[in-house]
Amino acid sequence: MSVLHSTCNVPSLKLRPGILSCETGVRRLQGQNRVLKGSGRRMTMPVTAAATRSVHGELQKGIAELYDESSGMWEDIWGDHMHHGYYDSNSTSSISDHRTAQIRMIEEALRFAGVSDDPLEKPKNIVDVGCGIGGSSRYLARKYGAKCRGITLSPVQAQRAQALAAAQGLADNVSFQVADALEQPFPDGEFDLVWSMESGEHMPDKTKFVSELARVAAPGATVIIVTWCHRDLSPSEESLKPEETALLKKICDAYYLPTWCSTADYVKLLQSLSLQDIKAADWSEHVAPFWPAVIRSALTWKGITSLLRSGWKSIKGALAMPLMVEGYKKDLIKFAIITCRKPE
């Protein structure tokens with residue numbers, strides 16, 4: 001098995017039994033790696049499947065608890081869309097503009113992917129993978145008159161998403177449940193639009209994540225992944241710089257993220273599954289106002305009191321927000337969109 005550093009060497013992402021890929025990315029098990037003296041190469045030692053499941057379970061638990069704690073605070077300050085906004089370059093915006101920008105993010109993602117508004121071609125059955133409190137699900141259901149299923153690891157999010165759907169008259173069209181994106185509770189070929197808005201960064205096995213998105217997609221379906229990535233490596237690089245890895249680790253610790261990968265890694269994964277019309281873009285400049293605005297909102301009296309009520313995980317996440325700004329400014333963190341189509 002070839003060497004895997006902080007970015008995923010996609011041709012080697014298939015796992016042999018008992019071997020960790022970078023995508024299981026769980027830092028507690030990274031101590032199983034040993035450096036071969038004089039070679040600078042890293043050898044991966046086998047770990048048990050039970051250990052892998054245990055660490056994956058701990059990661060899921062942390063993600064669920066983070067969003068159980070913080071979702072109410074986010075909704076109170078920012079509304080029901082738990083993702084970046086899309087802005088014109090070099091723009092400065094108010095909170096109300098940020099909420100508009102979050103809607104624009106959805107529309108820009110649909111436009112980039114070429115999703116049709118034509119009544120005969122528009123999506124009719126949608127899955128929202130990592131749905132938060134269901135903002136995208138309800139928006140897409142209303143826009144297309146479609147059925148939408150949302151999944152999240154957070155019971156609090158699933159309950160709140162369903163309550164909002166009922167309050168907005170969408171209970172018959174939209175439903176939410178607690179489920180693992182790596183083991184989706186849906187049959188093959190179920191959805192003609194597969195939507196993942198800022199959930200991919202939480203996935204410890206990107207190969208399994210993308211494979212599940214493709215599995216539940218119907219023939220001809222569109223897959224949209226909007227996610228945080230690290231920068232692409234240059235041809236002469238085998239890994240990120242140590243200081244870059246250190247910064248990402250601090251962010252991972254705060255937000256319950258596994259190892260990061262690049263946009264190029266996602267593209268290679270989609271290619272390996274023979275998906276078609278693969279497109280990718282770096283939208284980092286279009287989300288630049290977002291994190292500074294979130295920091296400003298956290299420093300208001302309402303933000304501070306909400307944080308204190310939410311709990312330690314939310315506070316830890318708030319303290320890490322300047323690290324996200326730093327990562328974007330250093331061109332280390334990339335806000336990526338990757339789209340494709342499943343063959344007919």
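**Buried residues and ring pairs in a predicted model**

Threonine 227 is buried, at a relative accessible area of 0%; buried stands for under 20% relative accessible area, exposed for over 50%, and partly exposed for what is in between, with a 1.4 Å probe and protein chains only. This is a predicted model, in which local features need pLDDT of at least 70 and side-chain atom pairs count only at pLDDT 80 or more, while totals for chains, interfaces and linings use all residues. Residues are numbered from 1 along each chain as its sequence is written, and side-chain values use heavy atoms, with hydrogens and water left out.

Threonine 227 sits in strand E7. Helices (H or I, at least four residues) and strands (E, at least two) are DSSP runs numbered from the N terminus. With its side chain, threonine 227 makes a polar contact to the side chain of glutamate 201 at 2.7 Å. A polar contact is a pair of N or O atoms within 3.5 Å; within protein, one must be able to donate a hydrogen and the other to accept it, and residues adjacent in sequence count only if both atoms are side-chain atoms. Neighbours within four places in sequence aside, threonine 227 is in contact (heavy atoms within 4.5 Å) with residues including Gly200, Tyr266, Lys334 and Phe335.

Glutamate 198 lies in the loop that runs between strand E6 (191–197) and helix H5 (206–216). Glutamate 198 is buried but has no salt bridge, and the nearest side chain of opposite charge, lysine 206, is 13 Å away. A salt bridge requires a side-chain nitrogen of Lys or Arg within 4 Å of a carboxyl oxygen of Asp or Glu; for charge, Lys and Arg count as positive and Asp and Glu as negative, with His and the chain ends not counted. The side chain of glutamate 198 does reach the backbone nitrogen of histidine 84, at 2.6 Å. Among the residues that glutamate 198 touches, not counting those up to four places away in sequence, are His83, His84, Trp228 and Phe335.

Rings of Phe, Tyr and Trp (its six-membered ring) pair if their centres lie within 6.5 Å; planes under 30 degrees apart count as stacked, over 60 as edge-to-face and the rest as tilted. Nine aromatic pairs are counted by this rule. Tryptophan 74 and phenylalanine 290 have ring centres 6.1 Å apart and planes at 45°, so this pair is tilted. Since tryptophan 74 belongs to helix H1 (residues 49–78) and phenylalanine 290 to helix H8 (residues 290–298), the pair ties together parts that are 216 residues apart in sequence. Both tryptophan 74 and phenylalanine 290 are buried.

The rings of tryptophan 228 and tryptophan 291 have centres 6.0 Å apart and planes at 75°, so the pair is edge-to-face. Tryptophan 228 in strand E7 (residues 217–230) and tryptophan 291 in helix H8 are 63 residues apart, and their pair links distant parts of the chain. Tryptophan 228 is buried at a relative accessible area of 10%, and tryptophan 291 is buried at 8%. Ring pairs join Trp74, Trp228, Tyr255, Trp260, Phe290 and Trp291 into a cluster.

Valine 216, in helix H5, is buried at 0% relative accessibility. Its C-alpha atom is separated by 6.6 Å from that of phenylalanine 186, 30 residues apart along the chain.

For the chain as a whole, the secondary structure comes to eleven helices and nine strands. Of its 344 residues, 53% count as buried.
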